[in-house]
There are 8 protein chains.
Amino acid sequence: ERIGVEEAILCAGKSDAQLVAILDELAARAASALLTRLDAAVLDRLPEHHRARIDHDAVSRTAYFDRTPRPDGLPSVAVVAAGSSDMPQVGEVVRTLTYADVATETVVDVGVAGLWRLLEHVERLREFPVVVVVAGMDGALPSVLGGLVPGAIVCLPTSTGYGVARDGETALHAALASCAPGLTVVNIDNGYGAACAALRIIRAVQRAGVPGTPDGRPAR
Amino acid sequence: ERIGVEEAILCAGKSDAQLVAILDELAARAASALLTRLDAAVLDRLPEHHRARIDHDAVSRTAYFDRTPRPDGLPSVAVVAAGSSDMPQVGEVVRTLTYADVATETVVDVGVAGLWRLLEHVERLREFPVVVVVAGMDGALPSVLGGLVPGAIVCLPTSTGYGVARDGETALHAALASCAPGLTVVNIDNGYGAACAALRIIRAVQRAGVPGTPDGRPAR
Amino acid sequence: ERIGVEEAILCAGKSDAQLVAILDELAARAASALLTRLDAAVLDRLPEHHRARIDHDAVSRTAYFDRTPRPDGLPSVAVVAAGSSDMPQVGEVVRTLTYADVATETVVDVGVAGLWRLLEHVERLREFPVVVVVAGMDGALPSVLGGLVPGAIVCLPTSTGYGVARDGETALHAALASCAPGLTVVNIDNGYGAACAALRIIRAVQRAGVPGTPDGRPAR
Amino acid sequence: ERIGVEEAILCAGKSDAQLVAILDELAARAASALLTRLDAAVLDRLPEHHRARIDHDAVSRTAYFDRTPRPDGLPSVAVVAAGSSDMPQVGEVVRTLTYADVATETVVDVGVAGLWRLLEHVERLREFPVVVVVAGMDGALPSVLGGLVPGAIVCLPTSTGYGVARDGETALHAALASCAPGLTVVNIDNGYGAACAALRIIRAVQRAGVPGTPDGRPAR
Amino acid sequence: ERIGVEEAILCAGKSDAQLVAILDELAARAASALLTRLDAAVLDRLPEHHRARIDHDAVSRTAYFDRTPRPDGLPSVAVVAAGSSDMPQVGEVVRTLTYADVATETVVDVGVAGLWRLLEHVERLREFPVVVVVAGMDGALPSVLGGLVPGAIVCLPTSTGYGVARDGETALHAALASCAPGLTVVNIDNGYGAACAALRIIRAVQRAGVPGTPDGRPAR
Amino acid sequence: ERIGVEEAILCAGKSDAQLVAILDELAARAASALLTRLDAAVLDRLPEHHRARIDHDAVSRTAYFDRTPRPDGLPSVAVVAAGSSDMPQVGEVVRTLTYADVATETVVDVGVAGLWRLLEHVERLREFPVVVVVAGMDGALPSVLGGLVPGAIVCLPTSTGYGVARDGETALHAALASCAPGLTVVNIDNGYGAACAALRIIRAVQRAGVPGTPDGRPAR
Amino acid sequence: ERIGVEEAILCAGKSDAQLVAILDELAARAASALLTRLDAAVLDRLPEHHRARIDHDAVSRTAYFDRTPRPDGLPSVAVVAAGSSDMPQVGEVVRTLTYADVATETVVDVGVAGLWRLLEHVERLREFPVVVVVAGMDGALPSVLGGLVPGAIVCLPTSTGYGVARDGETALHAALASCAPGLTVVNIDNGYGAACAALRIIRAVQRAGVPGTPDGRPAR
Amino acid sequence: ERIGVEEAILCAGKSDAQLVAILDELAARAASALLTRLDAAVLDRLPEHHRARIDHDAVSRTAYFDRTPRPDGLPSVAVVAAGSSDMPQVGEVVRTLTYADVATETVVDVGVAGLWRLLEHVERLREFPVVVVVAGMDGALPSVLGGLVPGAIVCLPTSTGYGVARDGETALHAALASCAPGLTVVNIDNGYGAACAALRIIRAVQRAGVPGTPDGRPAR
Ligand SMILES: Nc1ncnc2c1ncn2[C@@H]1O[C@H](COP(=O)(O)O)[C@@H](O)[C@H]1O
Ligand SMILES: Nc1ncnc2c1ncn2[C@@H]1O[C@H](COP(=O)(O)O)[C@@H](O)[C@H]1O
Ligand SMILES: Nc1ncnc2c1ncn2[C@@H]1O[C@H](COP(=O)(O)O)[C@@H](O)[C@H]1O
Ligand SMILES: Nc1ncnc2c1ncn2[C@@H]1O[C@H](COP(=O)(O)O)[C@@H](O)[C@H]1O
Ligand SMILES: [Mg+2]
Ligand SMILES: [Mg+2]
Ligand SMILES: [Mg+2]
Ligand SMILES: [Mg+2]
Ligand SMILES: [Mg+2]
Ligand SMILES: [Mg+2]
Ligand SMILES: [Mg+2]
Ligand SMILES: [Mg+2]
């Protein structure tokens, strides 16, 4: 892989026939893969011999094809979510990073309307090189966390909410317009993208310990 | 006044001739008035005999015509703002309430990206029956305060910011979509409206002490 | 509760499993709760022992878990709606206030296109400390009422309508841009939020009779 | 004219040179014309011999070239406006109809937030075959009038207002989504268009008295 | 009726129970009514004794309750549509006018991309006092017709189309921004509203023949 | 040039210093260039020795640097515009094609509201391999022409208009949603882009006469 | 056909009854036709004797009625797509051109995120007079290809994607705002329109070889 | 600083008086600061004794107050821009990082429409732990680079362009909807924010070499 991030199969918008062809091809190559946006109903329609190789999670709609990830070491990415309605997106982030053998730590239901619940976690969150912040509706959580933790922050706005929440647009714009400096943002509900962004940073951090690699840069 | 709120003269969009005619008519009736959105440049073009009766504030662009307000008693409305760029709107709220003889207390530059500055004020803010919350950009302040203070909360989104802040639309939507329960919102930059909303509530609270008035309702 | 408003369980967007877990936990704590956006179909899938404790209203999609509210005294909040299509939102307001033991009075189908029907109610509505105004489509009702009644006004725009009604956006914007001074607004279809806003004001009014509490403020 | 409505010269967006060429051509043909959106500053730059033939109105930015209109008979179009900020658009309607020799009657500053002022005029307004309703901001006036008068109603939304008034979009959408049946609407600030729409209707009404013309239709 | 237009029952968004209650009340009063947006599926669920009194049209989703309209005289409103996909909206216009005993003439599938088909009808259309123009997608038909016929023109944009047609917004805006002078417009898909607008004009035209009525105005 | 289209210098958004540097560099290479969006005011601030080599057109804001184009042969691109307000964009198209030595023919002020003026030109326009259609406001011209001429059609929407014309968005969407088959569209006011699109087609047509070139394709 | 492009039957939004009537009429005339947006489910409901004459493709939802196309010669239009989710739109382009007896060549899954896959095809693509570029999501493919190939480029944005992809709006705007000169664009998902645009160009190219036809223009 | 990023003074939207007060306070504390969005015209109005301490850059509108940065070591952040019109935003990124003593490397005018210019830089760009990608208009550069370099990518959309470029919204959405995995995005024109995001990553990378710090995480 040219960029150190394995491409995933986005199942939404593909016909059953297209998915089967992709899995056939993977099986023929003895290759493993990450599948995203795979509904349980679609999974049930796949041939049994493919289903047997698939580890599927219904909440996050992700699946591992022919691979059991083994994250090792301490968690290096924290995933923090405002509400329990954001669990599908949290799951997509965690399962994507797990597939890349990166361990994560998850903190859920700490929306800013109950600030005291969030504040209990701040000291711990300050230790992480990367924090993924998941929030819908007003999207105020990134602004508060952004002023409290020093690590890289990847904001994942979700489509949770109704009315002016506008399917995630308000949460997206709030994260982008935040007065907390240095927040970065991915597309609405793009848990896979948030995980890949975290992965790019974690890989840079890992290379930093190895002389002669780009991040440490001493070798040049 | 049928609704206990004096109508103000919105000067923006009126020609000099229209403004002079209104002031002539007020002077003829020996009436006082609140003027909003009155630019210093427009003020300078008004006839001297009208200017002499005008108490103008350049930052909030408000003016009192032929009246010196006397707010008495303790402040009953708190006005809390995220940034120092929100001073024009804060001023419009405070000057409108002052004109109605309502005392206010102001707390500025307590945006959530510097949470500790805000938290110093929370106990004090919990004492007010009404809190006006002024914020632009991401508009996260209402959500945080909304979870911490019990009084009525009137959110005043401001057009501060650029890009996706979209002239206040993001702050407006964030306040409306907030997960903190019971926030209310007025139009972008509408300091006059936020003050009138606070006034309606304060008047209801004041009537509550007087038996036979609507709020206490015991007389019915 | 730090803010005097009990948090509700928003059922929309939660899986059956999540809802059961929440009810189990409430039952274990012998706690009661308000549930919103609970569809009859979802209710039917819940375990019988939970259903037995639930008082559900199909129109407003609200439910009381293990609690029978007892509003006492005269109604202190009026809920006024433009059309009979707004009944679900009216119901969410009324049922939330009832749960908080606040009595309400409801006036429906008084849209401004039939002005004479509305005018019959104005004298009565002028007595309330808080009026919640529910309107979709063009959202003209708040502007008319706002010029006629002195109490606090909370506008609840609804998603009723089609074409440029844009799922409530036009009603929302009309309330926010109203020339009637001092209207406040909540998110489209957010009956729960409108009720909580009314509750914050009613609580402030109630405290006003008690010396030493924030609203009367004499004790300071 | 194929459609009984004389085309006007829209001066906005034309260079001085283009305008002079058009006036030269009119003068050569000894033709008269209506000019719209003609700023006083542009007028001042035109050649003296053209200026001498122009009757210009600064508020409405309209001009009559080489023609003195003579409206005869009773007014057949009423022009009703919510606020005094809407005078430029009111003027464009009135001056266009006047140019077509149609008499008008104007009622201004009767926005619905002061409903009693509007109600004084309703009986009179019920007599007109066409009422043009001019309103910005929340645009509630058309909905109220639409339920009270039987004539044809042409709504002219204006760009008056700020924030969510969105340069007239809210007033436009409120008129289009109105629950009052049978309102029609023209583009924001298009006073010329509203007048032409009224003219088409008045012409149809006038033809109705004449046997053998389309409107009465008896001749067919 | 204060405005000469009978209010219709908009069935969309009403529960079966609400509809039955309305029909019960109509039957009790021996009143007839026009119902709009009534799906065949909803109709089938109504009680047999109500269904027996209903004349339903599936394409336009309109129904007459306990009334057989008798339009007399020559057609006075022409309804012109761009494509055959606009038939539901054409039907709503025609059936509403028919209910008001106004005869109509319909011309369909004359979109401007096949200009020659449209041009065959122009001479005939020039005879009508009112022309309703129905068009979705690019909405070019009103601009072309507006330059060719002298009668009042009511544009009815439809939600036909996809992509940038944006559920009728492009057709709506094209009609409003048309360079043909004096077009008027109603909400997207609002066939009922277009018919009511035509009705207001036809009524004004009809009154014109009768001395002492508003339109002729000679009596004043 | 890899694509047969010479890149132009877009002067808008460039500082004087940047422009001078670009011209210096061109002069050093003895290269000629097309400049677009060059205001007369900016031109006046350039050094005299550069100005001497520039052929500037104020209406289209285009300039030829050190080159006198020589279009030869009959015009192969027709440029058709709805209104005289569209002349700047027409000019940008014509001057860009002229720079590429392609002759053009221009037809202006043939908007569809005056259909008969347009129809006079149709037979002639049917002869061109490429027609560029320039229109703002409602953008109805492309739909009408698209049904009448067989050549390739490039629509150039302009920002002419106000209100819902939305700076060209309505004209853009009308062209894209047109029911006339096979229209293509470029960005609002992008006369340079429309000319380049025409050029790509003309080059393909020219290559068609030459065996062994891509367009005729016989050589493969 | 006046414009050399056969009109197709757009089946979406037509009732079964309308479709049958159209096919009956075609059969009566012994005419063939192209049908677009024809779902397999709708096809199954058509009468057997019509189905027997229909060649349907489920992915592209296109059908040929009573005609077997015979594209001859080398492919003259290349259809290039970013992802395999764009196959329905690719199919609509290819099948429409095939129906017009124009041969095509298809290159799929060459999105710019995997640039090396695209670059392998560039030399070949440079030979085509017309390239149709199909892309959703970020729509970056047209900008890259536009700088590499000299032929006419017709961009077909697709509704593939979620969140800010906004049903194709981002891909549409990216193609229109591209810095590659001379790209043209059709409506989102309008494969039929893209094919017709290509056809207009191919027809112009074909006429170029024939003296006395418009494109070569030598005969004039 | 709690988050390792020094807060900057955003000068846009502040009055001269507010700016002087801020600088006075900094001088009193002998503190240095970064100022952004400081126009040359505003700078000229500041008191001479403050101006003497200010290092201002007109293109990026940034200023260093009382501090001379000393970036040491090799560049660790690459800043890549599509066009020369993006220089102000490039400057804001570079000057902010320089102020934080982080060395940068800049590559400008490598938009994807001239792909070969970009490809020359790819191997070099693959060495950086962080790449900031600056692009307006269609915003295609991030998608192309995102598939070619492994480091963390921070996209900075700019407001360059016109029409559907919509002041940067298209570039913003293209970056967010990109099919290249793991791109992160900041607000339109927010060069300061992009630099702070890069700084958070670089700090994490730097801490990685030091045992017991969060990033390496071995100490826990
Ligand atoms: N700053 C302001 N923002 C919003 N509304 C205002 C403001 N100042 C005055 N108003 C209201 O605007 C209206 C002024 O209308 P008029 O002066 O008649 O054009 C009144 O209803 C005022 O209460
Ligand atoms: N109908 C409703 N509309 C808006 N917010 C609601 C509604 N019902 C409950 N809530 C709030 O939504 C949140 C529920 O979050 P949770 O149950 O933790 O997902 C709480 O803050 C409630 O106060
Ligand atoms: N104020 C106005 N608003 C809208 N359209 C106008 C206005 N004044 C003139 N027009 C129309 O705009 C067109 C003027 O076009 P032209 O003068 O040829 O650019 C004519 O169709 C007029 O009828
Ligand atoms: N008027 C114009 N509209 C759109 N693009 C243009 C225009 N003029 C020049 N261009 C293109 O803009 C780019 C110029 O970029 P620059 O390097 O900033 O000069 C080139 O790709 C030109 O082909
Ligand atoms: Mg919660
Ligand atoms: Mg600050
Ligand atoms: Mg009703
Ligand atoms: Mg007024
Ligand atoms: Mg047709
Ligand atoms: Mg013209
Ligand atoms: Mg792929
Ligand atoms: Mg360049």
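How far is an oxygen atom of ligand 4 from an N or O atom in the side chain of Y192(F)?

Author: Happy to! This is a predicted model, in which local features need pLDDT of at least 70 and side-chain atom pairs count only at pLDDT 80 or more, while totals for chains, interfaces and linings use all residues. Residues are numbered from 1 along each chain as its sequence is written, chains are lettered from A and ligands numbered from 1 in the order in which they are written, and side-chain values use heavy atoms, with hydrogens and water left out.

The distance you ask about is 3.0 Å, from an oxygen atom of ligand 4 to an N or O atom in the side chain of Y192(F). On chain H, a polar side-chain atom of Y162(H) is 2.4 Å from a nitrogen atom of ligand 4. The protein covers 88% of the 500 Å² of accessible area that ligand 4 has on its own (areas by the Shrake-Rupley method with a 1.4 Å probe; for residues, only the protein chains shown count as cover).

There are 14 residues around ligand 4, and K14(F), T36(F), Y192(F), C179(G) and Y162(H) come nearest (a residue is near if one of its heavy atoms lies within 4 Å). Because residues from chains F, G and H surround ligand 4, the site is shared between chains. The shell around ligand 4 has 5 nonpolar, 4 polar and 5 charged residues; here Ala, Val, Leu, Ile, Met, Phe, Trp, Tyr, Cys and Pro count as nonpolar, Asp, Glu, Lys and Arg as charged, and the others, Gly among them, as polar.

Now let us turn to ligand 2. A nitrogen atom of ligand 2 is 2.4 Å from an N or O atom in the side chain of Y162(A). From chain C, a polar side-chain atom of E92(C) lies 3.5 Å from a nitrogen atom of ligand 2, and an N or O atom in the side chain of N190(C) is 3.2 Å from a nitrogen atom of that ligand. Alone, ligand 2 exposes 500 Å², and the protein buries 89% of that.

E92(C) has another partner: its side chain meets that of R37(C) in a salt bridge (2.9 Å, N to O), meaning a side-chain nitrogen of Lys or Arg within 4 Å of a carboxyl oxygen of Asp or Glu. The pair links distant parts of the chain, 55 residues apart: R37(C) sits in the loop between β2 (33-36) and α2 (40-45) of chain C, and E92(C) in helix α4 (residues 87-99) of chain C (helices, H or I of at least four residues, and strands, E of at least two, are DSSP runs numbered from the N terminus). Over all chains, the structure holds 104 salt bridges.

Terms used:
A polar contact is a pair of N or O atoms within 3.5 Å; within protein, one must be able to donate a hydrogen and the other to accept it, and residues adjacent in sequence count only if both atoms are side-chain atoms.
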